[in-house]
Amino acid sequence: KKEVSKLNREAISALKHKGILFGIASGRPVETVHAMLEDWKIEDSVSFIMGMNGGVIYDIRRRTKEEFHLLDGKIILDIINFYKDMDVIFHVLVGDIRYTSKSTEETRAHAKLFGETEIEVDMESFLKDRTVNKLIIYCDPAYMPEQRCLRLLAVLRDHDRIRSVHVRDHVPPHGYVHEYESRHHVYVHGCLHVHAEQDCHSHL
């Protein structure tokens with residue numbers, strides 16, 4: 001469980017008293033981060049939350065949420081089709097709701113860990129004429145050899161709404177529950193910074 005130390009709480013509070021706005025940046029949905037502020041005892045000191053790696057901004061003072069560079073459902077269906085011959089689970093995030101192609105005990109535990117609600121859906125019908133904040137591909141690491149990664153990148157770069165694709169050759173330390181340590185996660189989501197064009201980052 002994440003905690004904020006007394007020293008940090010006092011520093012954050014001091015910023016507010018000096019008229020300096022303080023916000024939290026996270027790759028998670030703004031809704032789940034907002035729900036944790038009270039536990040961290042900083043709910044009165046945070047002015048905004050930037051979630052989905054910059055794809056969503058929630059202004060706590062005005063209670064307004066802005067979303068940027070959402071992923072088109074057609075792009076996601078093309079990616080899903082790319083993995084059709086493999087045993088892969090797909091999650092798409094819309095706010096704090098995690099829609100999944102297959103719900104398991106492990107995926108439900110992971111969703112609960114991050115304060116998300118998991119719902120199993122038929123991806124093809126769900127994604128029709130819809131945009132989402134983030135796509136997570138959950139699969140065995142053996143499914144991700146270099147050549148398959150390169151072919152996936154070629155698929156993504158064919159879309160005119162995607163300006164760039166960035167590759168990382170290691171799994172980031174997201175603090176997943178133990179059962180997930182043997183798995184490999186691929187993230188495809190909106191841009192880290194607000195640009196005029198669509199950004200798509202694939203962390204492989």
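**View 1. Arg98 and its salt-bridge partners.** Arg98 is buried, with a relative accessible area of 0%; buried means under 20%, exposed over 50% and partly exposed in between (1.4 Å probe, protein chains only). Arg98 and Glu118 meet through their side chains in a salt bridge (4.0 Å, N to O), defined as a side-chain nitrogen of Lys or Arg within 4 Å of a carboxyl oxygen of Asp or Glu. The pair links distant parts of the chain, with Glu118 in strand β8 (residues 117-120) and Arg98 in strand β7, 20 residues apart. Salt bridges with shared partners join Arg28, Arg98, Glu116 and Glu118 into one network.

The model is predicted: local features need pLDDT of at least 70, side-chain atom pairs count only at pLDDT 80 or more, and totals for chains, interfaces and linings use all residues. Residues are numbered from 1 along each chain as its sequence is written, and side-chain values use heavy atoms, with hydrogens and water left out.

**View 2. Lys74 and Asp78 in helix α3.** A salt bridge joins Lys74 to Asp78, the closest N and O atoms being 3.6 Å apart. The two residues are 4 apart in the helix and so separated by about one helical turn. Lys74 is exposed, at 53% relative accessible area, and Asp78 is partly exposed, at 28%.

**View 3. Asp59 and Arg62.** These residues form a salt bridge with the closest N and O atoms 2.7 Å apart. Asp59 is buried, with a relative accessible area of 13%, whereas Arg62 is exposed, at 56%.
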